[in-house]
Amino acid sequence: NADLLKDFMEEKISLQLKDLASFLPGERLYAAKEVLQQVEILLAGSEVERAQVRLAQAEGKLLEIQELIKNGKMSLATTMVRNYSDQMEQFILRINKENFEELHDKLTALVTQQVQQIKVLTAIEQSLKADGQKELRQEVRKVIQVTLRKLIIALKQFSGTVPRQLVYQLKHIFD
């Protein structure tokens, strides 16, 4: 019964998050969206699942940042980049005997998500050309550098496990 209840709650939360997806920071229902995201993390069944949820939510933050920039809300976009950075700083996946096999199975997907986010961040950085966007551009550049460095360090621990094509994509971004 507990598994059924958990599945039901996950389904309802997923539906609510879809309904709230268009809300951006500064809008009234954005706080409800953030609370549901926290509940979504709490319902994840394992450390690896929590990592997947956190990465998916971080991807959503990047979409919000792009929308804020498009709407000319640079100050709010800068705040969101800092929030994204904080969220990624807290992205730590502890590897142990219980989750090693699950992590090994999902490692490529996790790395692919992070590479995609770095690509989005790079696109955001390149789109910020105007003088009034200099601070935001610097924030984004800093996040890219930190994220790349952390990802490369993590990949060294799993050398040979991640497909070469993905490593080459990462190297291309880094160069």
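1. A residue is called buried here when its relative accessible area is under 20%, exposed when that area is over 50%, and partly exposed in between. Methionine 9 has a relative accessibility of 34% and therefore counts as partly exposed. The model is a predicted one, and the points below should be read with that in mind.

2. Methionine 9 is placed in helix H1, which covers residues 2–20. Together with Leu5 and Phe8, Met9 makes up a nonpolar patch on the surface, and the three have about 290 Å² of accessible area together.

3. The count of salt bridges comes to eight, and one of them joins the side chains of glutamate 64 and lysine 33, with an N to O distance of 2.6 Å. This pair links distant parts of the chain, since glutamate 64 belongs to helix H3 (residues 47–70) and lysine 33 to helix H2 (residues 30–43), the two being 31 residues apart. Both glutamate 64 and lysine 33 are buried.

4. Another salt bridge is formed by arginine 82 and glutamate 139, whose closest N and O atoms are 3.3 Å apart. Here too distant parts of the chain are linked, with arginine 82 in helix H4 (residues 74–89) and glutamate 139 in helix H6, 57 residues apart. How do the two partners stand in accessibility, buried or partly exposed? Arginine 82 has a relative accessible area of 34% and is therefore partly exposed, whereas glutamate 139, at 13% relative accessibility, counts as buried.

5. Lysine 106 has a relative accessibility of 26% and so counts as partly exposed.

6. Which part of the chain holds glutamine 133? Glutamine 133 sits in the loop that runs between helix H5 (100–127) and helix H6 (134–157), and because its relative accessibility is 15%, glutamine 133 counts as buried. The side chain of glutamine 133 reaches the backbone nitrogen of lysine 129 at 3.1 Å. When residues up to four places away in sequence are not counted, glutamine 133 touches Met74, Ser127 and Leu128.

Conventions:
Residues numbered from 1 in each chain as written. Predicted model: local features only at pLDDT ≥ 70, side-chain atom pairs only at ≥ 80, totals over all residues. Heavy atoms only, no water. Patch = residues over 30% accessible without salt bridge, like charges linked within 9 Å, V, L, I, M, F, W, Y side chains within 5 Å. Areas by Shrake-Rupley, 256 points an atom, 1.4 Å probe, with all protein chains shown as cover. Salt bridge = Lys/Arg side-chain N within 4 Å of Asp/Glu carboxyl O. Helix = DSSP H or I, 4+ residues; strand = E, 2+ residues; numbered from the N terminus. Buried < 20%, exposed > 50% of the residue type's maximum accessible area, 1.4 Å probe, protein only. Polar contact = N/O pair within 3.5 Å; in protein donor to acceptor, adjacent residues only side chain to side chain. Contact = heavy atoms within 4.5 Å.
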